[in-house]
Amino acid sequence: MAQPSELFAASGFRVRVVDALILLLRERGTARFTLGEVAEAAGVPEGRVRAAFPDRDALVSELRRVCYDRLAARLTARYFDPDGHPPTRLREGGRAHLEFARTNPALYRLLYCDPGDGGIAHIIDVIVPPDSLEALTEGVRRCRAYRGRSTGKARELAFLLWTTIHGVAVLALDADGPNRSGGKWDQAAQTLDLLIDLICASGDD
């Protein structure tokens, strides 16, 4: 599996610490960690980590910022690319999100299922980062245009797609037992494919 440093340009102390936390979460499969453990994983003094991140919440906030920025960059590159087959690109993007959730359950829950206080409005803000929604909207717009459909509701359909992907990912995570047979993830992928077909080919009403 590719490491964060291979997927993204990692520069600066804060990003180094965040990448170490990502690897720690991936290895453990749980969101439990201490700043000392993260410092050891990053190969830096704990005091320096604490100077940059006074507590766990500060580090988690930085983790979210970095991951959301990286996600937006990936989606922008994917959906604003003029080449390729728009429906296929949209399907591959959705499946990549599901695969990320399946292989990084602790990180996924920390990013999208633990937004803190603020009620449902805040939860929606957290699970739908604006830059990512903008990129996904472009993907939906191109998909509908490719099928000769109206693009006027592309943003609303992108929001529907995003929240559905998140919903089926969480359901699959919650149902994923110790044997991890993959059945729930197959169902999640099938749901995603069906929704994308409907989004790309539905009428203009």
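What percentage of the 205 residues of the chain count as buried? In this predicted model, 43% of the 205 residues count as buried, where buried means under 20% relative accessible area, exposed over 50% and partly exposed in between, with a 1.4 Å probe and protein chains only.

View 1. Helices (H or I, at least four residues) and strands (E, at least two) are DSSP runs numbered from the N terminus. The chain exposes about 10700 Å², of which carbon and sulfur atoms supply 52%; accessible areas come from the Shrake-Rupley method with a 1.4 Å probe, and for residues only the protein chains shown count as cover.

**View 2. Leu21 in helix α2, which covers residues 13–28.** Leu21 counts as buried because its relative accessibility is 0%. Leaving aside neighbours within four places in sequence, Leu21 is in contact (heavy atoms within 4.5 Å) with Phe33, Val38, Leu59 and Leu63. Leu21 and Glu37 are 16 residues apart in sequence, and their C-alpha atoms are 8.7 Å apart in space.

**View 3. Residues 34–53, listed by UniProt as "DNA-binding region" in an unreviewed entry.** UniProt positions are given in the numbering used here, feature names are shortened, and annotations may be inferred rather than shown by experiment. The span is 75% helix and 0% strand, and its end C-alpha atoms lie 12 Å apart.

**Notes to all views.** Residues are numbered from 1 along each chain as its sequence is written. In this predicted model local features need pLDDT of at least 70, side-chain atom pairs count only at pLDDT 80 or more, and totals for chains, interfaces and linings use all residues, while side-chain values use heavy atoms, with hydrogens and water left out.
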